[in-house]
Amino acid sequence: MNQTKNKTLYIVHAAVIAALYVVLTYIAAGFDLASGAIQVRFSECLTIMPFFTSAAVPGVTIGCLLANIITGSAAPDVIFGTLATFIGALGTYFLRKNRYLCSIPPVLSNAIIIPFVLKYAYGLNDGMELFGITFSALPAFAITVGIGEIITCVIFGQILISALMPVRGRIFMADEQVKKTAE
């Protein structure tokens with residue numbers, strides 16, 4: 001495959017992933033799951049796509065940025081939510097050789113960054129009680145956001161990896177060609 005086709009395919013992969021991220025976030029927003037202290041943003045399962053293609057890093061980052069703008073997120077959420085997704089996708093790319101570890105970076109980046117967004121951008125200050133222990137806002141949000149990310153990135157993400165593994169060579173052909181020429 002020539003270099004122009006590789007670049008075009010890279011851009012197409014990134015654009016399709018970005019579009020999917022926006023659509024899935026919009027669907028989650030319709031069920032009030034895309035934002036807030038408890039969120040299961042289906043689109044976050046796409047942060048495991050760097051396991052297959054490096055084009056997924058800009059794809060999910062741009063998709064998150066657009067989704068946050070379209071769903072009316074606060075400016076700090078647009079900036080830092082997008083940053084959390086970028087860091088998570090980048091971490092997935094760096095851990096792409098391990099199918100199971102690659103889904104952990106999005107969980108960690110969101111569980112660390114998003115609680116601050118919820119507290120300071122949206123003024124959410126309520127803590128929660130869990131198993132008889134009262135947590136203040138930041139630890140409570142880290143738990144709830146982390147659980148949502150585990151559902152989407154680890155559980156749904158691993159399902160997505162399993163579904164794409166048999167067809168990865170056909171879908172992500174340019175990445176396979178690049179890997180072969182690099183060896």
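Analyst: The chain has seven helices and two strands, and, followed along the sequence, these elements come in the order α-α-α-α-β-β-α-α-α. The model is a predicted one, and what follows should be read with that in mind. Of the 183 residues in the chain, 42% are buried, and among the contacts with a separation of 6 or more, 68% are between residues 24 or more positions apart.

Turning to the aromatic rings, there are four aromatic pairs, counted with ring centres within 6.5 Å. One of them joins Phe-51 and Phe-52 in an edge-to-face arrangement, with 5.0 Å from centre to centre and 90 degrees between the planes. Phe-51 has a relative accessible area of 12% and is therefore buried, and Phe-52, at 4% relative accessibility, is likewise counted as buried. A further pair is that of Phe-116 and Tyr-120, which is stacked, the centres being 6.4 Å apart and the planes 10 degrees from each other. That centre distance is within the 6.5 Å cut-off, and the angle is under the 30 degrees required for stacking, so the pair is classed as stacked.

Phe-116 is partly exposed, with a relative accessible area of 44%, whereas Tyr-120, with 59%, is exposed.

Phe-116 also belongs to the contact between H4 and H5, where it is listed on the H4 side with residues including Ile-104, Val-107, Ile-114 and Leu-118, while the H5 side includes Leu-138, Phe-141, Val-145, Ile-150 and Val-154. By class, the residues of this contact divide into 16 nonpolar, two polar and two charged; Lys-119 in H4 and Glu-149 in H5 are the charged ones, as Lys and Glu both count as charged. As for the geometry, the axes of H4 and helix H5 (residues 137-164) come within 8 Å and cross at roughly 145 degrees, and the crossing in which H4 passes H5 is right-handed.

Two further aromatic features complete the account. Phe-51 and Phe-52, the edge-to-face pair described above, form one aromatic cluster together with Phe-172. Separately, the ring of Tyr-93 has the charged end of Arg-96 sitting over it, 3.9 Å from the ring centre.

Key. Residues are numbered from 1 along each chain as its sequence is written. This is a predicted model: local features need pLDDT of at least 70, side-chain atom pairs count only at pLDDT 80 or more; totals for chains, interfaces and linings use all residues. Side-chain values use heavy atoms; hydrogens and water are left out. Rings of Phe, Tyr and Trp (its six-membered ring) pair if their centres lie within 6.5 Å; planes under 30 degrees apart count as stacked, over 60 as edge-to-face and the rest as tilted. Buried means under 20% relative accessible area, exposed over 50%, partly exposed in between (1.4 Å probe, protein chains only). A charge sits over a ring if NZ of Lys or CZ of Arg is within 6 Å of the ring centre and within 35 degrees of the ring normal. Axes are lines fitted to C-alpha atoms, for helices over the stretch in contact, and angles run from 0 to 180 degrees between N-to-C directions. Helices (H or I, at least four residues) and strands (E, at least two) are DSSP runs, numbered from the N terminus. A crossing is left-handed if the near helix is turned anticlockwise from the far one by less than a right angle, and right-handed if clockwise. Contact means heavy atoms within 4.5 Å.
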